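Trainee: I am new to this structure. Can we go through the labels and the reasons behind them?
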Amino acid sequence: MQSFLKTYFFIILAAGSLSTEVLRPRGVSLIKASLYDPARDFSCLDGSAMIPFRYVNDDYCDCRDGSDEPGTSACPNGLFHCANVGHLPLNLRSSRVNDGICDCCDASDEWAGGADCTNQCQDLGRAAREEAARKEEEAKQGYTLKLGMIEQGKNIKREKQDKITQLELELEQAEAVSAEREAEKVAAEEPEAAALEQYREVDEARKEAEEQAKMAENEAEAQEVFKNLDTDGDGSVSKEEIQADVAYDTNRDGTVSEDEAAFYTQHADSLDFDSFYTKSWRLMRPAFHFAKKKAGGTPPSLFTPPSTPPPPTPDSQAEETLDEGETDEGIPDEQEEGDDEDDYDPEIDGIDDGLEDEEGDVPDEVPEVVYDDDTQALVDAANAARSAHQEALKVVKDLKKQLDEERASLDKDYGPEDEFRVFEGNCYEHTDREYTYKLCPFDKATQSPKSGGGETRLGTWFDWVGEGEVADGRYSAMKYTDGQGCWNGPNRSTLVELRCGIETELLSVSEPSKCEYVFIFATPAACSTGESRSAEDQAAHETHTEL
């Protein structure tokens, strides 16, 4: 019997009692001890088989779930329970039993003695309790600071409510002033419009007269050109007659080709004056003015007898020599500054665009209207009224913008007790080897290269996305979305995980997935009374899954 107990059982003192002894197989937790009764056959915990109890911990796997070998490594899917008295209990895979590695702080997993393991549970437990006490104290201090942040957040909220009330009052007054200024503007513009109407009528008449004069001048000029071209006096201009006038030599080869003449006549053999005026004159007028300007006022024509030139001077001979090819600086004459007129091409210089202002035909400047004293006084009064109205509208627009911003801020979720409201308008930074990261709560998350360069947006405030069983669990994480797009990837986004801390600081930044960042942000606002639970209690809750 003593040998049986030595092989399969050990004695453990129940927590909190030195007089209670619980007899159970090695590797079985206290909560499962009743399932291992040596007085009857053992039923596999998954119900797959019934075996004699002597088969428990016999180093042979009989149950499919490995529950018959909790104290050996026979079953790879079995569980070994470390009691770890004085520290935290632990469940581990039975395959790690007697593997030469000390997994349990009480050395119970290496019971065969193949590893030099000692019981360190008391020391580890003491260190864990000290760390738990430190964290508990830090949580208490953080929660005390949080209470101050809650009060500060509520004060900010009240101030915003008061400011909204004040802005609403100011907006109401500004809209009333704007309505008054608009009425004054309308009242000032009516007499102004009546007075200016007389000037408009006079000005329109002047413009119409000027337009008529220009049209008449243009037609007279067309008649003159038509008459000069109509050399046979038959009342029409033919292509041959246009070919006879080198003023219309568009490519400057010395003759007017049939194609060049056809371009001006629009492929008609001949044109009477009406057709010439409506079809050809708009194309020929720029060439005519160009030739006229180059000739010094009279367009060159084969029918204008040449004047007898004066005897050539040395300078003129030099100019003629240079004109044959290059200037005195060796630059071709078509590149000489000021010779742009020699580069004339009607298709390039605007012939197809119709009647345009040639170089030198600068449009007349619109004369400044001078009003009489009474009219000027009305104009000045109307201008002042319009300016005052615009200023009033600007005040209304600015107040509406402020009001919208304050209302949006007031409606934003800053936590169940407004404890996070104090972060609005503040930013926190963390720098690693390459980047400086910035978190502006409820606004944006960014990164900037330490070596210099532009700021990259990692996301814009979206919402709270935390999870948890407690009521305020959603306030344990923030989400920032729609950041700058990644090359061949999604838009950047950031998850901000909040931690309880005495100081408000951005602790770390990581990128677990491409363009998806995780910020760890510590702040007293994340502390709660639940933080005071000891680390031992938390770990026990996590490891005692069988409870």
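Mentor: Gladly. Keep in mind that this is a predicted model. Start with a pair: the side chains of Glu189 and Arg386 meet at 3.1 Å, N to O.

Trainee: Why is the contact of Glu189 and Arg386 called a salt bridge?

Mentor: The rule asks for a Lys or Arg side-chain nitrogen within 4 Å of an Asp or Glu carboxyl oxygen. Glu189 and Arg386 come to 3.1 Å, so the pair counts as a salt bridge.

Trainee: What makes Glu189 and Arg386 a link between distant parts of the chain?

Mentor: Glu189 sits in helix H2, while Arg386 belongs to helix H7 (residues 373-411). The two are 197 residues apart.

Trainee: Why are Glu189 and Arg386 called partly exposed?

Mentor: Partly exposed lies between under 20% for buried and over 50% for exposed. Glu189 has 22% relative accessibility, so it is partly exposed. Arg386 has 26%, so that residue is partly exposed too.

Trainee: How do you know that Arg285 and Glu221 form a salt bridge?

Mentor: Their side chains meet at 3.6 Å, N to O. The limit is 4 Å, so the pair qualifies. Arg285 is in helix H5 and Glu221 in helix H2, 64 residues apart.

Trainee: Are Arg285 and Glu221 buried or exposed?

Mentor: Buried means under 20%. Arg285 has a relative accessible area of 16%, so it is buried. Glu221, at 15%, is therefore buried as well.

Trainee: What does the pair Lys444 and Glu455 tie together?

Mentor: Their side chains form a salt bridge at 3.7 Å, N to O. Lys444 lies in strand E11 (residues 444-449), and Glu455 in the loop between E11 and strand E12 (456-464), so the pair ties together parts 11 residues apart in sequence. Glu455 is partly exposed because its relative accessibility is 41%.

Trainee: Which residues do salt bridges with shared partners join into one network?

Mentor: Lys160, Lys163, Glu406 and Glu424. The salt bridge count comes to 32.

Trainee: How do you know that helix H5 has a kink?

Mentor: The kink is about 65°, centred on Ser280. A straight helix of 22 residues would span 32 Å, but H5 (residues 273-294) spans only 26 Å between its end C-alpha atoms.

Trainee: What do the buried residues of H5 pack against?

Mentor: They pack against helix H2 (121-229), H3, H4 and strand E8 (270-271). Among the buried residues are Phe273, Trp281, Met284 and Ser280. After H5 comes Gly296, with a positive phi near 85°.

Trainee: What makes E9 and E15 the edges of their sheet?

Mentor: The open sheet has eight strands, in the order E9-E10-E11-E12-E13-E14-E16-E15, with mixed pairing. Strand E9 (428-431) and strand E15 (505-513) each have a single partner strand, so one side of each lacks a neighbour in the sheet. Neighbouring strands are turned by 25° against each other on average, direction ignored.

Trainee: Why do E11 and E12 count as paired?

Mentor: Pairing takes at least two bridges. Four bridges join E11 to E12, so they count as paired, and they run antiparallel. Gln447 stands opposite Thr456 in E12.

Terms used. Residues are numbered from 1 along each chain as its sequence is written. This is a predicted model: local features need pLDDT of at least 70, side-chain atom pairs count only at pLDDT 80 or more; totals for chains, interfaces and linings use all residues. Side-chain values use heavy atoms; hydrogens and water are left out. The expected span of a helix is 1.5 Å times one less than its number of residues. The bend at a residue is the angle between axes fitted to the seven residues ending there and the seven starting there. Buried means under 20% relative accessible area, exposed over 50%, partly exposed in between (1.4 Å probe, protein chains only). Contact means heavy atoms within 4.5 Å. Axes are lines fitted to C-alpha atoms, for helices over the stretch in contact, and angles run from 0 to 180 degrees between N-to-C directions.
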